[in-house]
Amino acid sequence: CNSIMFQDILGLEINGNINLPANGIVYFGGTHVFATPPNQNLSLGQNAGPGGGGSASYNVLLGPSTGFNIEDGSANTFVGYFAGYANFDGGHNTFVGYQAGISNTSNDFPSLISGQYNTFVGSQVGYSNTLGSNNTFYGYQSGYRNTVGNQSSFFGYQAGYNSNGAATSSGVSSNTFLGYQAGFTNTNGMSNTFAGHTAGYN
């Protein structure tokens, strides 16, 4: 057995090491809280994935339900409650914050590498992103409704909140929004640069 289970133990103290073999999992109260599955993944938190299946590798998943659905995605770093929750096979993403990148999935659409190479930092940043790639969003709810837009940079409170982009073969949106609610109402506009408080809001 490669698992260690602690059930209904109060005031548990461990002095020393717990050595887990490959695919080792630690449970507290029957809940998966720590794992070192194959392929050099590290997960820490209640129901943090991966659960041991698939080819997921080199992921760091810290927080309750982070990377819960990850199966084949690799080289991701998810930190925060439900960060990267829906990510299945998206790779090379960094999501830090409460529900950051929660909807990111990725797929095998032949002409669009999707749901990869994103950096989302802040509470609910990139919340709706599913297939968007190569994006950098910083600040509370920045890029909140982006689903398929690619190659955009949003910095600031709700910057690019409604921005999305067309699911074209290139998938390019290429917007840069800097400042409080900059580009807030932009939906499908491409190749825009807005800088300043509510710049491009209307």
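Residues are numbered from 1 along each chain as its sequence is written. In this predicted model local features need pLDDT of at least 70 and side-chain atom pairs count only at pLDDT 80 or more, while totals for chains, interfaces and linings use all residues, and side-chain values use heavy atoms, without hydrogens and water.

Q: How many aromatic pairs does a search of the whole structure find?
A: Rings of Phe, Tyr and Trp (its six-membered ring) pair if their centres lie within 6.5 Å, and planes under 30 degrees apart count as stacked, over 60 as edge-to-face and the rest as tilted. By that rule, the search of the whole structure gives a count of 17 aromatic pairs.

Q: Are the rings of tyrosine 127 and tyrosine 144 stacked or edge-to-face?
A: A pair of aromatic rings is described by the distance of the centres and the angle of the planes. For tyrosine 127 and tyrosine 144 the centres are 4.8 Å apart and the planes lie at 10°, so the pair is stacked.

Q: Is tyrosine 144 buried or exposed?
A: Buried means under 20% relative accessible area, exposed over 50%, and partly exposed in between (1.4 Å probe, protein chains only). Tyrosine 127 has a relative accessible area of 23% and is therefore partly exposed. Tyrosine 144 has 16% relative accessibility, so tyrosine 144 counts as buried.

Q: Which residues form one aromatic cluster?
A: The cluster is made of phenylalanines, and its members are Phe78, Phe95, Phe120, Phe137, Phe154, Phe177 and Phe194.
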